[in-house]
Amino acid sequence: MRSKGDWVGSRKFKDSNQPGLRTARAPASVGGVVLCAARGALSRRGRRILEGDNMPTAKQLADIGYKTFSTSMMLLTVYGGYLCSVRAYHYFQRRSSQRQAAEEQKTSGVL
């Protein structure tokens, strides 16, 4: 069993000079497409995936996706709160009008 720092991504594991062991990198996913880290396809040292200097990185795309998802969830929450409050408002309006109608019926029945 490995101790806390012996898993593949840990610094202790990277610093150990064991031949043949390499740290495994998970492939980056952009919009459902997995970027291949094959020779020359993707590099941290500034190589371009496609032509153009303005290509967003996988991290930037992930951040944009996270912010978009978070914003949509926030808007859905606000809209749900709005719908809930409108329903509660109509419920109390209906309840007060029913009470008022019942009271009018009582007073008209007594005469």
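The following paragraphs describe the fold, confidence, surface and side-chain contacts of a predicted model.

The model is a prediction, in which local features need pLDDT of at least 70 and side-chain atom pairs count only at pLDDT 80 or more, while totals for chains, interfaces and linings use all residues. Residues are numbered from 1 along each chain as its sequence is written, and side-chain values use heavy atoms, with hydrogens and water left out.

Two helices and two strands are present in the chain, arranged along the sequence as α-β-β-α. These elements are DSSP runs numbered from the N terminus (helices: H or I, at least four residues; strands: E, at least two). The mean pLDDT of the chain, where pLDDT is the predictor's confidence in each residue from 0 to 100, is 75, and 50% of the residues score at least 70. Helix 2 has the highest confidence, at 95, and strand 2 (residues 33–34) the lowest, at a mean of 54. Where pLDDT is low, the predicted coordinates should not be read in detail.

Of the 111 residues in the chain, 4% are buried. Burial is assigned by relative accessible area (buried under 20%, exposed over 50%, partly exposed in between; 1.4 Å probe, protein chains only). The chain has an accessible surface of about 10,700 Å², and carbon and sulfur atoms account for 57% of this area. Areas were computed by the Shrake-Rupley method with a 1.4 Å probe; for residues, only the protein chains shown count as cover.

Phe69, Met73 and Leu76 make a nonpolar surface patch of about 310 Å². Patches consist of residues with over 30% relative accessible area and no salt bridge, with like charges joined within 9 Å and nonpolar side chains (Val, Leu, Ile, Met, Phe, Trp, Tyr) within 5 Å. Methionine 73 lies in helix 2 and is partly exposed at 36% relative accessibility.

One salt bridge was counted, the criterion being a side-chain nitrogen of Lys or Arg within 4 Å of a carboxyl oxygen of Asp or Glu. The partners are aspartate 63 and lysine 59, whose closest N and O atoms are 3.1 Å apart. Both belong to helix 2 (residues 58–110), where a spacing of four residues separates them by about one helical turn. Aspartate 63 is partly exposed at 33% relative accessibility, whereas lysine 59 is exposed at 60%.

Two aromatic pairs were found. The ring centres of tyrosine 79 and tyrosine 82 are 6.3 Å apart and the planes lie at 25°, so this pair is stacked. Rings of Phe, Tyr and Trp (its six-membered ring) pair if their centres lie within 6.5 Å; planes under 30 degrees apart count as stacked, over 60 as edge-to-face and the rest as tilted. Tyrosine 79 is partly exposed at 48% relative accessible area. Tyrosine 91 and phenylalanine 92 form an edge-to-face pair, with 5.2 Å centre to centre and 70° between the planes. Tyrosine 91 is partly exposed at 43%, and phenylalanine 92 is partly exposed at 48%.
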